[in-house]
Amino acid sequence: FCAPPSGFENYAQAVKDAAAQLWSGPSDGGTFVFTSSGGVYEGIDGEIVNEESATIDPEENPRQGRIVYAEKEVIENGGCV
């Protein structure tokens, strides 16, 4: 599954559906990996960010919010980001 967030009305649901349809789950030995974006982090004024940095508010920034919600679905369904 490879698709940009802009191609879906509900990107988080599309990612969740892809995981359900294309992946047997962690119990079968595979891994569902979601390649995300550094754009989800709240870095202010050139601040260096990492995976532990605060993410943007998805309600205030719907474009990046699509990715934040997709990350949440992947993690909740046993995948990794």
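Biologist: In this predicted model, buried means under 20% relative accessible area. By that cut-off, is tyrosine 11 buried or exposed?

Modeller: The relative accessibility of tyrosine 11 is 6%. The cut-off for buried is under 20%. So tyrosine 11 counts as buried.

Biologist: What about phenylalanine 8: buried, exposed or partly exposed?

Modeller: Phenylalanine 8 has a relative accessible area of 27%. Exposed would need over 50%, and buried under 20%. So phenylalanine 8 is partly exposed.

Biologist: How do the planes of the rings of phenylalanine 8 and tyrosine 11 make the pair count: stacked, edge-to-face or tilted?

Modeller: The ring centres of phenylalanine 8 and tyrosine 11 are 6.0 Å apart, and the planes stand at 45°. Stacked needs under 30 degrees, edge-to-face over 60. The pair is therefore tilted.

Biologist: Are helix H1 and helix H2 roughly parallel or roughly antiparallel?

Modeller: H1 covers residues 11–22 and H2 covers residues 62–76. Their axes come within 8 Å and cross at roughly 30°. Angles under 35 degrees count as roughly parallel. So H1 and H2 are roughly parallel.

Biologist: Which residues of H1 make the contact with H2?

Modeller: On the H2 side stand Arg66, Tyr69, Ala70, Glu73 and Val74. The residues of the contact divide into 6 nonpolar, no polar and 3 charged. From H1 come Tyr11, Ala12, Val15 and Lys16.

How values were computed:
Residues numbered from 1 in each chain as written. Predicted model: local features only at pLDDT ≥ 70, side-chain atom pairs only at ≥ 80, totals over all residues. Heavy atoms only, no water. Phe/Tyr/Trp six-rings, centres within 6.5 Å; stacked < 30°, edge-to-face > 60°. Buried < 20%, exposed > 50% of the residue type's maximum accessible area, 1.4 Å probe, protein only. Axes fitted to C-alpha atoms, helices over the stretch in contact; angles between N-to-C directions. Helix = DSSP H or I, 4+ residues; strand = E, 2+ residues; numbered from the N terminus. Parallel < 35°, antiparallel > 145°, perpendicular 65-115°, else oblique. Contact = heavy atoms within 4.5 Å. Nonpolar A, V, L, I, M, F, W, Y, C, P; charged D, E, K, R; others polar.
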